[in-house]
Amino acid sequence: MNIQFEAPDKVNGLMTITLEKADYQPEVDKTLKDYRKRANIPGFRPGMAPMGMIQRQFGTQVKVDVVNKMLGEKLYGYVRENKIQMLGEPLPSDKQAQLDFEGDGALEFKFDIAVAPAFEAKISGKDKVDYYNITVDDKLIDQQVDMYQSRAGHYEKVEKYDAEQRDMLKGDLRELDEKGNVKEDGITVSDAVLMPQYIKVDKQQKLFKDSKLGDIITWNPRKAYPDSDVEVSSLLKIQKDEVKDHEGDFTFQITEISRYVKAEVNKELFDQVFGEGNVKTEKDFREKIAEQIKQQLVTDQDYKFLQDVRAHMEKKVGKLEFPEALLKRVMLQNNKDKGQEFVEKNFEASIKELEWHLIKEQLVEALEIKVNDEDVKQIAKEAARAQFAQYGMSNIPEEYLDNYAQEMLKKRENADGLVDRAVDVKLTAALKGVVKLNEKDITLEDFQKMVAGK
């Protein structure tokens, strides 16, 4: 066996692997003997078919399988042993000659291999990177308090409709004929629910203004929701394709008006948000919320910091040379169903991500970043906690978070992303202790504009 690797321009590699008969034949013979033991060929008892027949029937395919397996082992073994940083998978070279698997001669295989460019990504205390601290002001705390009040609120009955209060009406719908009388065999819906503020046409919406319990409003559902057969059919309890047959006026007699009232800022709300007895005063409540917001914002701050480190390192490293033609072939191989147009459209962005991936690999190695199962599980728990927080649930038991995290990790696509996130979290923490931080205070509004590039 002979393996040769050459990369004259450092990034376009050509690997030549030559297998002699002596390299693969012993494994081929062993495999054929196993075939013979299991072969069930008419006219022969199991395991008693002539070896020549087994050779003629299965020999070439077995040889192909053995050689392919050996090729993979030797190719990747050589790459590991010689520390070749291969990008993507090796591809059969255009220089590959026709192979004769029927004969006994040597088999020569040629593979094109994309090699990562050689460079150094060093970072130290001499590197200065911005770090933005988002200020938690009263406006942010007020917004969070209001959200908790809204989520813990309740409906109560009132006598008069107020659009500003987002009141909900319940009543009886009756279809009218052309003369304005209740239509015989027309649609009747009891306890229909309406929120007039969501009616899309002002003229129809204003018909409900200042209405009271017991009032009868004449209106037109089709005109109120001109672009939504779904809303009309849902209100009238009919099929969507039947809406066209009921485009006339209806009456709506109000039987109930409900107003959503936010929860008061009191002990009941404190207990609901942070657990019983953990918060006793409104001052403590606001301070606890400020801590909660600050903790949540650290994730955004760190994300921006890592993006700034990326920009800093890309500029420091400079433009890297990649084997573009070969990488396009690799990308096409991995996206056969999307075609060459997809490759051309996305190649530049793919190279940018590859460049950062290679830089980050060096930083991770230099800073000795290690990620274990517990780190990944912790990231999964934080992701679960953040999801619950979006719904105002901040006091989730650890056992529940553990179970939720375990379910997330069962899905491969989730697990891979969580591993990457765990690496980023540890890398960010390490980098914050290495580089010189140029700390800046910023409002959340300005921070969001900056991240959005506005």
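Biologist: Which residue does aspartate 130 stand opposite in E11?

Modeller: Aspartate 130 stands opposite asparagine 438. Before we go on, this is a predicted model, where local features need pLDDT of at least 70, side-chain atom pairs count only at pLDDT 80 or more, and totals for chains, interfaces and linings use all residues. Residues are numbered from 1 along each chain as its sequence is written, and side-chain values use heavy atoms, with hydrogens and water left out.

Biologist: How many bridges join E5 to strand E11?

Modeller: Strands (E, at least two residues) and helices (H or I, at least four) are DSSP runs, numbered from the N terminus. Two strands pair if DSSP finds at least two bridges between them. Here 7 bridges join E5 (residues 128–134) to E11 (residues 436–442), and the two run parallel.

Biologist: How many residues of E5 are buried?

Modeller: Buried means under 20% relative accessible area, exposed over 50%, and partly exposed in between (1.4 Å probe, protein chains only). In E5, 5 of the 7 residues are buried, so the strand is mostly covered.

Biologist: Is aspartate 112 buried or exposed?

Modeller: Aspartate 112, in strand E4 (residues 107–115), counts as buried because its relative accessible area is 14%.

Biologist: Which side chains make polar contacts with the side chain of aspartate 112?

Modeller: A polar contact is a pair of N or O atoms within 3.5 Å; within protein, one must be able to donate a hydrogen and the other to accept it, and residues adjacent in sequence count only if both atoms are side-chain atoms. The side chain of aspartate 112 has such a contact with that of serine 93 at 3.2 Å, and another with that of arginine 329 at 2.9 Å.

Biologist: What about backbone angles? What is phi of aspartate 210 near?

Modeller: Most residues other than glycine have a negative phi. Phi of aspartate 210, however, is near 60°, a positive value. Aspartate 210 sits in the loop between helix H4 (202–206) and strand E9 (216–219), and is partly exposed because its relative accessible area is 44%.

Biologist: And where is lysine 237?

Modeller: Lysine 237 is in the loop between helix H6 (229–236) and strand E10 (250–261). Lysine 237 has a positive phi of about 60° as well, although it is not a glycine. Its relative accessibility is 64%, so lysine 237 counts as exposed.
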